[in-house]
Amino acid sequence: MAKPTTSLRTYALTRLALVLPMLWILLTLVFFMMRVAPGDPVTAALGGRLPEKELQERRHAAGYDKPLIVQYVDYLGDVARLNFGTTITDDRPVTDVIIENGSATLELTFWAMVVALSVGIGLGLVAGRLRDSGADVSIRMFGIVVYAMPAFFLGFLAQLLFGERLGWLPTSGRASPEVQFLLPTHTHLYLIDAIIYGDWATFKDVVLHLILPAATLGLIIAGVLIRLVRVNVLQTMKGDYIEAARARGIDEKSVVYRHAFKNALVPVVTVLGLQVALLMSGAVLTETTFNWPGIGFELVRYLNNRDYIAVQGIITFFALIVIFVSVLIDFVNAWIDPRVRY
Amino acid sequence: MSANGPVLDVRDLRVWYGSTRGAVRAVDGVSIQIRAGEVLGLVGESGCGKSTLGRGVMGLLPDGSAVDGQVLFQDTDLLKVSDRQLRRMRGPDIALIFQEPMTRLNPLMRIEDHFSETITAHEPKLSKAEVRRRSLEALGGMGIPPTRFRNYPHEFSGGMRQRIMIALALVLRPKLVIADEPTTALDVLVEAQILSILADLKRNFDTALLLITHNLGIVAEACDRVAVMYAGRIAEEGDARTVFSQPAHPYTRELLRSVISLNTTGLHYIPGAPPSLIDPPAACKFHPRCPDAMRVCAQLAPVEQRLSAGQRVECWLHGPGDRIPEGGREPLEQERIAVAEEA
């Protein structure tokens, strides 16, 4: 019983070692799911548009005439070198797609997460604290409504209200065409690029373009968080150590903030990790709605063009993100909750 | 407050809980007194209102409960003071030790933080070094070494956690400690250890102790006086030795007969279960289970009597005779409690 607390470092190393099998399983799944579709990627994307001889050459160049197991090993090797292949339809390295469009998605999802966390946790804590009050009831309603609404519908409503009716905010793209043309890209994150560029008007333009998509995507995730945080606060407030703290004469403010809220947020971190999947699919819809040139937007386009290589590359990238986030979430959990490290 | 006056003087305390089926009278007119350096044992079956009484004194009742009566702590009525003042009294004046130590410490906080939070909540001007010194002193008194000060609660066993909880309660030197079944969740060796700690407390600091338990052995060992509670009322109260050697209330007697010892050959129990506190039996609440029940017991509530041996008791067997109506002493014809119902 009297063991010292296991260090965070030991925990981190163990956790990182577990990434490899997880990675292997995910990559294998992606590879074989893409191969279940009939025909080969080249025929699917270009069949009928090029003479058979040229198709044959392309198949050979891409290695689709090799045995499946060899292709599989090649694929794993490529991923290890962060080479996700070249798209068939427009001959772009998938890595470029990930960097250029992925950064747009990163910018969108990051700010969506900021919205989700501040709105979701903030309102959830208020609702849990003021149980059954008017505020609680309205917050709960709000949570259900935004969660139940599909991203594109909420997006359309926002576009109609703030774009068409009020004319306050732009409804499409990452920036106005002239800004997009002039802005030098260093990081592909427009907000940071605009700051580096140092022009106030550019920065403002980028921020205005970001507001509606980020709020739309963020609110959908906030809906889940509100309910989760609220329930956890209620549960924690009933806890034995809360009563014990009150019995020691700790003032109510400390009881709520130090004992109830922090403990209530532990399970939220875990769920947040799972929400990344929702964030990804939400990003696809949000990006399409707002014409946001992100990776989800590109994924839809490549899917329509039956470009398997592009799809496989992007899905592989998504899988890597999910692994990365799950490790990150475990670290955050271990940092907050000493019992996890044990 | 006079020098010999009680530290705690509870007068006619009543506590109701709201429930969907009606009000639950968990505590129904209880009066008890505890003096400095005295240990009062509060015993009774589960669900008779013992814990509610303890919580009611602390003002820690759940939402939706109502309280009436007086809880005088050194002449201050705890039911009348502001929430803020009551909060200030919890800890330095009255401390509560809980039944289940496993869940009473915040799992995300180090033991050190529990102590510093508790101490600074009441003495904000204390220096860090002084806070630390006092915490380690209290922990040391409970046999927890200073090396464990920065550990988290999950790194301790149940017995150790209970000792930490006690240290946490005692670090502010309270004048009254309410211990709500402090050893029920622990094994016998730890139990003995905890009881000796509580006995030291009384000896060294003249602390008053309200020991809530259903273990009569603990009462016999540790308590000066004992109050037997049944269905929200005190059935009998007096010097622990007197009550145990000459129980005046049939309930006390039956309770004592149910204690298991090495000489026990067959288990004794009281038929039936404690009554519902929403709709308790009329008159004496024990009469449906009482082997000595008389007609009067089902008609009139018993009156508190002081006996020559010193205890006070609420039972018609001890009078007053002039209040018992004609024929009231005839044995009560009771429907025997069906065996199926007992099971």
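B:Cys297 is buried, with a relative accessibility of 7%, where buried stands for under 20% relative accessible area, exposed for over 50% and partly exposed for values in between (1.4 Å probe, protein chains only). The closest cysteine sulfur to that of B:Cys297 belongs to B:Cys284 and is 5.7 Å away, too far for a bond. This is a predicted model, in which local features need pLDDT of at least 70 and side-chain atom pairs count only at pLDDT 80 or more, while totals for chains, interfaces and linings use all residues. Residues are numbered from 1 along each chain as its sequence is written, chains are lettered from A and ligands numbered from 1 in the order in which they are written, and side-chain values use heavy atoms, with hydrogens and water left out.

**Cysteines**

A search of the whole structure gives 0 disulfides over all chains, a disulfide being a pair of cysteine sulfur atoms within 2.5 Å. B:Cys223 is likewise in no disulfide, and its nearest cysteine sulfur, that of B:Cys48, is 15 Å away. B:Cys223 is buried at 9% relative accessibility.

**Chain A**

Chain A has 16 helices and 0 strands; helices (H or I, at least four residues) and strands (E, at least two) are DSSP runs, numbered from the N terminus. Its C-alpha atoms fill a box of roughly 85 × 60 × 40 Å, taken along the principal axes. Of the 342 residues of chain A, 46% are buried. Contact means heavy atoms within 4.5 Å, and among the contacts in chain A between residues at least 6 apart in sequence, 73% join residues at least 24 apart.

Helix α14 of chain A (residues 295-304) contains A:Val300. A:Val300 is partly exposed, with a relative accessible area of 27%. Leaving aside residues up to four places away in sequence, A:Val300 touches A:Val284 and A:Thr288.

The side chains of A:Glu298 and A:Arg301 form a salt bridge. A:Glu298 is buried at 6% relative accessibility, whereas A:Arg301 is partly exposed at 32%.

**Salt bridges**

A salt bridge is a side-chain nitrogen of Lys or Arg within 4 Å of a carboxyl oxygen of Asp or Glu. By this rule there are 44 salt bridges over all chains.

| Residue | Partner | N to O distance |
|---|---|---|
| A:Glu298 | A:Arg301 | 3.1 Å |
| B:Lys50 | B:Glu181 | 3.9 Å |
| B:Asp93 | B:Lys175 | 2.9 Å |
| A:Asp240 | B:Arg104 | 3.8 Å |

B:Lys50 is buried at 4% relative accessibility, and B:Glu181 is buried at 6%.

The side chains of B:Asp93 and B:Lys175 also meet in a salt bridge. B:Asp93 lies in the loop between α2 (83-89) and β6 (94-97) of chain B and B:Lys175 in the loop between α5 (158-170) and β7 of chain B, so this pair ties together parts 82 residues apart in sequence. B:Asp93 is buried, with a relative accessible area of 15%, while B:Lys175 is partly exposed at 36%. Elsewhere, salt bridges that share partners join A:Asp240, A:Glu243, B:Arg55, B:Glu100, B:Arg104 and B:Asp180 into one network.

**Interface of chains A and B**

In the interface, 28 residues of chain A are in contact with 31 residues of chain B. The two chains bury about 2,500 Å² between them, 56% of it on carbon and sulfur atoms; buried area is the accessible area (1.4 Å probe) that two parts lose on being put together, summed over both.

Across this interface the rule finds 4 salt bridges, and A:Asp240 with B:Arg104 joins the two chains by a salt bridge. On the side of chain A that touches chain B, the elements that give two or more residues are α12 (240-247), α13 (252-289) and α16 (338-341) of chain A. The largest share, 7 residues, comes from α13(A). This side of chain A divides into 11 nonpolar, 5 polar and 12 charged residues, where Ala, Val, Leu, Ile, Met, Phe, Trp, Tyr, Cys and Pro count as nonpolar, Asp, Glu, Lys and Arg as charged, and the others, Gly among them, as polar.
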